[in-house]
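Dear colleague,

I am handing over the structure we spoke about, and the notes below set out what was found in it. Please read them with the model open beside you.

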Amino acid sequence: MIKQQPVFDYLNCVSCGICAQACPVSALEMKKEGKSGKYRNIFPELLPGVCIGCGQCAASCPMEVIRMEEVERLMRVKILPPHGSDRRALDERSWAELPEGSTVRDVLKLIRCNPAKARLLLVSVNGERCPLSRELRDGDVVGFFFPVSGG
Ligand code: SF4
Ligand code: SF4
(Lines give C-alpha, C1' and ligand atoms only; values in the text may rest on other atoms or scores of the structure.)
(Ligands and ions follow the chains in the order given, each with its own letter.)
Protein backbone atom coordinates (compact mmCIF):
# COMPACT_ATOMS: atom_id res chain seq x y z
CA MET A 1 0.00 0.00 0.00
CA ILE A 2 1.16 3.51 -0.82
CA LYS A 3 0.85 6.67 1.27
CA GLN A 4 2.18 10.20 1.06
CA GLN A 5 4.91 11.29 3.43
CA PRO A 6 6.77 14.62 3.81
CA VAL A 7 10.41 14.93 2.76
CA PHE A 8 12.47 17.89 4.01
CA ASP A 9 15.09 20.03 2.31
CA TYR A 10 16.80 21.09 5.53
CA LEU A 11 19.17 23.52 3.80
CA ASN A 12 16.34 26.02 3.43
CA CYS A 13 14.65 25.35 6.78
CA VAL A 14 14.55 28.38 9.08
CA SER A 15 13.47 26.32 12.13
CA CYS A 16 10.22 28.25 12.59
CA GLY A 17 8.26 25.18 13.74
CA ILE A 18 5.13 26.14 11.78
CA CYS A 19 5.00 22.69 10.15
CA ALA A 20 4.99 20.94 13.53
CA GLN A 21 2.19 23.21 14.75
CA ALA A 22 0.18 22.55 11.59
CA CYS A 23 0.36 18.76 11.93
CA PRO A 24 -3.01 17.44 13.21
CA VAL A 25 -1.52 14.26 14.70
CA SER A 26 1.77 15.58 16.18
CA ALA A 27 3.88 13.57 13.74
CA LEU A 28 6.62 16.22 13.64
CA GLU A 29 8.99 16.91 16.52
CA MET A 30 11.33 19.86 16.53
CA LYS A 31 14.71 18.29 17.33
CA LYS A 32 17.82 20.10 18.44
CA GLU A 33 20.90 19.67 16.30
CA GLY A 34 24.39 20.84 17.13
CA LYS A 35 27.75 20.06 18.68
CA SER A 36 29.19 20.18 22.18
CA GLY A 37 25.84 21.09 23.69
CA LYS A 38 25.70 24.38 21.76
CA TYR A 39 22.57 24.00 19.70
CA ARG A 40 22.34 26.22 16.67
CA ASN A 41 19.44 24.82 14.70
CA ILE A 42 16.23 22.97 15.36
CA PHE A 43 14.73 20.88 12.59
CA PRO A 44 11.45 19.01 12.24
CA GLU A 45 11.81 15.25 12.50
CA LEU A 46 9.11 12.94 11.22
CA LEU A 47 7.56 10.11 13.23
CA PRO A 48 6.67 7.99 10.18
CA GLY A 49 4.33 5.64 12.00
CA VAL A 50 2.22 8.57 13.21
CA CYS A 51 2.03 10.57 9.96
CA ILE A 52 -1.27 10.21 8.09
CA GLY A 53 0.05 11.85 4.92
CA CYS A 54 -2.37 14.78 4.97
CA GLY A 55 0.17 17.28 3.53
CA GLN A 56 -0.70 20.12 5.91
CA CYS A 57 2.93 20.53 6.94
CA ALA A 58 4.00 21.04 3.31
CA ALA A 59 1.18 23.50 2.72
CA SER A 60 2.07 25.52 5.82
CA CYS A 61 5.85 25.83 5.36
CA PRO A 62 6.75 29.42 4.41
CA MET A 63 10.09 28.34 2.90
CA GLU A 64 8.74 25.54 0.68
CA VAL A 65 11.09 23.14 2.43
CA ILE A 66 8.67 20.21 2.44
CA ARG A 67 7.51 18.13 -0.51
CA MET A 68 5.18 15.16 -0.32
CA GLU A 69 6.42 11.84 -1.73
CA GLU A 70 4.78 8.49 -2.16
CA VAL A 71 6.16 5.79 0.11
CA GLU A 72 5.12 2.25 0.76
CA ARG A 73 3.45 1.76 4.11
CA LEU A 74 5.41 -0.72 6.20
CA MET A 75 4.59 -2.60 9.38
CA ARG A 76 6.84 -4.41 11.82
CA VAL A 77 6.23 -8.06 12.58
CA LYS A 78 8.11 -10.39 14.92
CA ILE A 79 8.93 -13.68 13.24
CA LEU A 80 9.85 -16.91 14.99
CA PRO A 81 11.03 -18.83 11.93
CA PRO A 82 11.40 -22.58 11.58
CA HIS A 83 14.88 -24.02 11.92
CA GLY A 84 17.04 -23.52 8.85
CA SER A 85 15.29 -20.36 7.60
CA ASP A 86 17.03 -17.43 5.98
CA ARG A 87 17.14 -14.79 8.75
CA ARG A 88 18.77 -12.01 6.76
CA ALA A 89 15.58 -9.92 6.61
CA LEU A 90 15.17 -10.11 10.41
CA ASP A 91 16.90 -7.85 12.93
CA GLU A 92 18.70 -9.21 15.98
CA ARG A 93 15.40 -9.39 17.91
CA SER A 94 13.69 -11.24 15.07
CA TRP A 95 11.59 -8.28 13.83
CA ALA A 96 11.13 -7.58 10.13
CA GLU A 97 9.44 -4.90 8.05
CA LEU A 98 6.77 -5.90 5.55
CA PRO A 99 4.34 -3.89 3.41
CA GLU A 100 0.93 -3.36 5.05
CA GLY A 101 -1.53 -6.03 3.98
CA SER A 102 1.10 -8.79 3.96
CA THR A 103 0.02 -12.29 4.95
CA VAL A 104 1.72 -15.23 6.66
CA ARG A 105 2.47 -16.53 3.16
CA ASP A 106 4.51 -13.37 2.50
CA VAL A 107 6.49 -14.04 5.69
CA LEU A 108 7.37 -17.49 4.37
CA LYS A 109 8.69 -15.86 1.18
CA LEU A 110 10.69 -13.38 3.27
CA ILE A 111 12.44 -16.16 5.17
CA ARG A 112 12.78 -18.20 1.94
CA CYS A 113 10.95 -21.21 3.24
CA ASN A 114 10.47 -23.65 0.37
CA PRO A 115 6.86 -24.66 -0.44
CA ALA A 116 7.36 -28.33 0.41
CA LYS A 117 8.53 -27.44 3.91
CA ALA A 118 5.86 -24.74 4.27
CA ARG A 119 3.12 -27.33 3.74
CA LEU A 120 4.26 -29.22 6.83
CA LEU A 121 4.34 -26.22 9.12
CA LEU A 122 1.74 -25.05 11.59
CA VAL A 123 1.42 -21.31 12.04
CA SER A 124 0.48 -19.16 14.99
CA VAL A 125 -0.14 -15.42 15.11
CA ASN A 126 -0.02 -13.94 18.61
CA GLY A 127 -0.28 -17.48 20.00
CA GLU A 128 -3.36 -18.52 17.98
CA ARG A 129 -3.33 -21.06 15.16
CA CYS A 130 -4.14 -19.55 11.78
CA PRO A 131 -3.95 -20.23 8.04
CA LEU A 132 -1.26 -19.00 5.65
CA SER A 133 -3.75 -16.53 4.20
CA ARG A 134 -4.00 -14.64 7.52
CA GLU A 135 -3.43 -10.91 7.00
CA LEU A 136 -0.97 -9.46 9.48
CA ARG A 137 -0.98 -6.25 11.50
CA ASP A 138 1.75 -4.07 12.89
CA GLY A 139 3.20 -5.67 16.05
CA ASP A 140 2.00 -9.22 15.34
CA VAL A 141 4.15 -12.15 16.41
CA VAL A 142 4.25 -14.95 13.83
CA GLY A 143 5.50 -18.38 14.89
CA PHE A 144 6.10 -21.50 12.82
CA PHE A 145 6.40 -24.97 14.19
CA PHE A 146 6.26 -28.56 13.04
CA PRO A 147 3.39 -30.69 14.36
CA VAL A 148 4.47 -33.11 17.04
CA SER A 149 3.64 -36.66 16.09
CA GLY A 150 2.33 -38.71 18.90
CA GLY A 151 0.49 -41.85 19.38
S1 SF4 B 1 1.73 14.97 6.22
FE2 SF4 B 1 0.16 15.60 7.74
S3 SF4 B 1 0.32 14.02 9.33
FE4 SF4 B 1 2.21 13.87 8.12
S5 SF4 B 1 3.66 15.17 9.19
FE6 SF4 B 1 2.71 16.46 7.61
S7 SF4 B 1 0.98 17.47 8.68
FE8 SF4 B 1 1.64 15.74 9.95
S1 SF4 C 1 7.71 25.20 8.49
FE2 SF4 C 1 9.35 24.89 6.99
S3 SF4 C 1 10.93 26.34 7.56
FE4 SF4 C 1 9.58 26.15 9.32
S5 SF4 C 1 10.49 24.48 10.58
FE6 SF4 C 1 9.02 23.52 9.22
S7 SF4 C 1 10.24 22.85 7.47
FE8 SF4 C 1 11.45 24.41 8.55
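Glu 64 lies in the loop between α2 and β4, and its phi is near 50°, a positive value in a residue other than glycine. With 9 C-beta neighbours inside 10 Å, Glu 64 counts as exposed. Ser 26 shows a positive phi too, of about 55°, although it is not a glycine; its place is the loop between α1 (18–22) and β2. Ser 26 has 11 C-beta neighbours inside 10 Å and therefore counts as exposed, the limit for that class being 12 or fewer.

Please keep in mind that this is a predicted model. The mean pLDDT of the chain is 88, and 92% of its residues reach 70 or more. Confidence is highest in helix α2 (residues 56–60), at 98, and lowest in strand β2 (residues 28–35), where the mean is 75.

On the overall fold, the chain contains four helices and nine strands, which follow one another along the sequence in the pattern β-α-β-β-α-β-β-β-α-α-β-β-β. Its radius of gyration is 21 Å, well over the 15 Å that the globule rule gives for 151 residues, so the chain is more spread out than a compact globule. Taken along the principal axes, the box filled by the C-alpha atoms is roughly 70 × 35 × 25 Å. Buried residues make up 16% of the 151 residues. Among contacts with a separation of 6 or more, 62% are between residues 24 or more positions apart.

The two ligands come next. Around ligand 1 there are 14 residues, of which Cys 23, Ala 27, Cys 51, Cys 54 and Cys 57 come nearest; by class, this shell divides into 11 nonpolar, three polar and no charged residues. Around ligand 2 there are 13 residues, and those that come nearest are Cys 13, Cys 16, Cys 19, Cys 61 and Val 65. The shell around ligand 2 has 11 nonpolar and two polar residues, with no charged ones.

Which residues make up the largest nonpolar core? This core has 11 residues in all, namely Val 77, Ile 79, Ala 96, Leu 98, Val 104, Val 107, Leu 108, Leu 110, Ile 111, Leu 136 and Val 142. At least two residues of the core are supplied by each of β5 (74–80), β6 (95–99) and α3 (104–110), and α3 gives the most, with four residues. A second, separate core has eight residues, including Cys 19, Cys 23, Ala 27 and Cys 61. Of these, Cys 23 and Ala 27 are among the residues that come nearest to ligand 1, while Cys 19 and Cys 61 are among those that come nearest to ligand 2.

Ile 79 belongs to strand β5 and has 23 C-beta neighbours inside 10 Å, so it counts as buried, the threshold being 20 or more. Leaving aside residues up to four places away in sequence, Ile 79 touches Leu 90, Ser 94, Ala 96, Val 107, Ile 111 and Val 142. Ile 79 and Ile 111 are 32 residues apart along the chain, and their C-alpha atoms are separated by 9.1 Å.

The C-alpha atoms of Lys 109 and Asp 86, which are 23 residues apart along the chain, are separated by 9.8 Å.

Lastly, Met 68 is found in strand β4 (residues 66–72) and counts as partly exposed, with 16 C-beta neighbours inside 10 Å. Apart from residues up to four places away in sequence, Met 68 touches Gln 4, Pro 6, Gly 55 and Ala 58. Between the C-alpha atoms of Met 68 and Ile 52, 16 residues apart along the chain, the separation is 12 Å.

With best wishes

Notes: Residues numbered from 1 in each chain as written. Chains lettered and ligands numbered in written order. Predicted model: local features only at pLDDT ≥ 70, side-chain atom pairs only at ≥ 80, totals over all residues. Near = placed C-beta within 6 Å. Nonpolar A, V, L, I, M, F, W, Y, C, P; charged D, E, K, R; others polar. Rg over C-alpha atoms; globule rule 2.2 N^0.38 Å. Contact = placed C-beta atoms within 7 Å. Core = buried A, V, L, I, M, F, W, Y, C linked by C-beta atoms within 7 Å. pLDDT = per-residue confidence, 0-100.
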